[in-house]
Amino acid sequence: MDLEGRTAFITGAGGGIGTAVALALAARGVDVIAVDRDMDAAGATATSVGRTGREAIAVRSDVATNADVTAAVAVGLDRFGKIDICVNAVGVGGVARVVDHPDELWHQVISINLTSAFLVCRAVLPSMIDRGRGRIVNITSRAAYRSSAGTAAYAASKGGLLAFSWVLAVEAGEHGIIVNNVAPGTTLTPMVEKGIGGPEAQLREAVQSGVLIQPPRLADPSEIAAAVVFLCGPGSDFTTGTTLHVNGGAYCA
């Protein structure tokens, strides 16, 4: 296994893309710190990772809060002694047009999707710098490049995450740390399924978003996880500060 013995700190690990990333990394020999606000969900992911033969712990954390992030990273370091990989997969949506956009929704989306990544990266960097290596992968979105009405907060948060990642790649690169993004198209997570609906609505979303894959469909979380695994492995040693698009052709950079 090309990542045998490494440890990953994964936010939003209680479901969707976060869970898929945890399992994909575990399949390649990575131990997992599964971080989520929902402890039961994080625990379920940790249990699934355990079935692969890798070690995993579940940590409850509101990653939009500095104290929680600091505590979660400390728990992970205490258990495994190191964090080799950090994947910021936590995310929330919300639909509202700018003219009547609630303040609360704006701040919630920005804090969870963007501020959390800043807090987590700031907390894991010292241990990576001490060891002179590390991989950080931030899950941004096609919405940062090509969005639609009603997604102002979401698109802004993911666009901000892109800009943050570019700066981080420069700063962290001085210490041998590689930083990249994965930008999914609409992915069939439980959150998306709840918001969009059944197969007919999912097909409509795929077509309207411009998916080129035939027959049109939404991405599976495992396909996003595969991109993350690549960016954490030796095949991407010379790749940093970039974004890997996994959107079925809905956006071509």
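Reader: What makes the radius of gyration of the protein chain agree with a compact globule?

Author: Keep in mind that this is a predicted model. A compact globule of 253 residues would come out near 18 Å, and the protein chain has 17 Å, so the two agree. The C-alpha trace spans about 45 × 40 × 35 Å along its principal axes.

Reader: Why is the pair of Phe118 and Phe164 called edge-to-face?

Author: Start with the centres: they are 6.2 Å apart, and rings pair if their centres lie within 6.5 Å. Then the planes: they sit at 80°, and over 60 degrees counts as edge-to-face. So edge-to-face is the label for this pair. Phe118 belongs to helix α4 (residues 103-131) and Phe164 to helix α5 (residues 152-173), so the pair links parts of the chain 46 residues apart. The structure holds two aromatic pairs, and this is one of them.

Reader: Why is Phe118 called partly exposed?

Author: Its relative accessible area is 36%. Buried would need under 20% and exposed over 50%, so Phe118 lands in between, as partly exposed.

Definitions and conventions
Residues numbered from 1 in each chain as written. Predicted model: local features only at pLDDT ≥ 70, side-chain atom pairs only at ≥ 80, totals over all residues. Heavy atoms only, no water. Rg over C-alpha atoms; globule rule 2.2 N^0.38 Å. Phe/Tyr/Trp six-rings, centres within 6.5 Å; stacked < 30°, edge-to-face > 60°. Helix = DSSP H or I, 4+ residues; strand = E, 2+ residues; numbered from the N terminus. Buried < 20%, exposed > 50% of the residue type's maximum accessible area, 1.4 Å probe, protein only.
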